[in-house]
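I opened this structure for the first time today and kept notes as I went. The entries follow the order in which I looked things up.

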Amino acid sequence: MSEIFQIAVDGPSGAGKSTIAKAIARKLDIDYIDTGAMYRALGYKMLQLGITEEEPDKVAKLLAETEIDFSKGDIILDGSVINDLIRTPEISMKASACSALGIVRKHLVKVQQEMGAKKSVIMDGRDIGTDVFPNAKYKFFITATAEERANRRYKELCEKGENVSYEETLESIIQRDYNDSHREVSPLRKADDAEEVDTTNMTIDEVVKYICDKIK
């Protein structure tokens, strides 16, 4: 596969998009870009600096002074690896809030499109197939029930030592779904030409094989 192509993977929070996209990237030997982590990184920095979504001037200044990059599976914010720092429910909600800001989406979409124009990539998020790469050769919408997604996220957080309950995690997932699908700017939705893959009763390996077979 010598041509440059893009694989768009969209879907709601906790559907396994990142895990699946990373595995596909390894199998196809292409770069994986975690767009959700880009919004999480910004949300994390906004929390650290005490900047709210109601301060557009400060957000614009923040964007101009922030560098987000990926290297060997790590997400790097202004030179520091922040992988585990951005995977909490608090950061999830902050990421959802800042991703609803037009100025933030416009800036990050431009960065993402520049990445995909230079090399073959797989990106996951909520608007990859609809806004970032509307002409992507391959598009998939990964989903699962809210209960299954909450269960997966709850186990993940528990393994990291987070003190959260399943009920809190489910509530966060449901609220995140509502916020993402009802925002004015680039709401979460399946692209008309994307294939929906329900992973509720599938293992990660099964999903990866299914998508790779479609691409090859």
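Contact, in these notes, means heavy atoms within 4.5 Å. I also note at the start that this is a predicted model.

**Entry: Thr200**

I began with a single residue. Where is Thr200 placed? I found Thr200 in the loop between β8 (195-198) and α9. Leaving out residues up to four places away in sequence, I listed what Thr200 touches: Thr143, Ala144, Thr145, Glu148 and Arg152. Next I looked up the polar atoms. The side chain of Thr200 makes a polar contact with the side chain of Asp198, at 2.7 Å. A polar atom of the Thr200 side chain also lies 3.1 Å from the backbone nitrogen of Thr145.

**Entry: the sheet of 5 strands**

I then traced the strands. In what order do the 5 strands of the parallel open sheet run? I read the order as β2-β6-β1-β7-β8. The edge strands are β2 and β8, and each of them pairs on one side only. From one strand to the next, the twist averages 20°.

β1 (residues 6-10) and β7 (residues 138-143) are parallel and share 4 bridges. I noted one partner here: Ala8 is bridged to Lys139 in β7.

**Entry: the sheet of 3 strands**

There is also an open sheet of 3 strands, ordered β3-β4-β5, and its pairing is antiparallel. Leu77 has Ser80 in β5 as its bridge partner.

**Entry: helices across the sheets**

I looked at which helices lie over the strands. α2 lies across β2 and β6, at about 40° to β2. α2 also lies across β3 and β4, running at about 40° to β4. α9 lies across β1, β7 and β8, and I noted an angle of about 160° to β7.

**Entry: the largest pocket**

The largest pocket has a volume of about 1100 Å³. How many residues line the largest pocket? I recorded 48, with Ser18, Thr19, Lys22, Tyr32 and Asp34 nearest its centre. By type, the lining has 14 nonpolar, 14 polar and 20 charged residues.

Which element supplies the largest share of the lining? α1 does, with 7 residues. Elements that each give at least two residues to the lining include α1 (17-28), β2 (31-34), α2 (35-49), β3 (68-71) and β4 (74-77).

Methods. Residues numbered from 1 in each chain as written. Predicted model: local features only at pLDDT ≥ 70, side-chain atom pairs only at ≥ 80, totals over all residues. Heavy atoms only, no water. 1 Å grid on protein atoms, 1.4 Å probe; cavity = no way out; pocket = protein on both sides within 12 Å on 5 of 7 lines; lining within 4 Å. Points joined across faces, edges and corners; volume = space filled by probe spheres on them. Nonpolar A, V, L, I, M, F, W, Y, C, P; charged D, E, K, R; others polar. Polar contact = N/O pair within 3.5 Å; in protein donor to acceptor, adjacent residues only side chain to side chain. Pairing = 2+ DSSP bridges. Axes fitted to C-alpha atoms, helices over the stretch in contact; angles between N-to-C directions.
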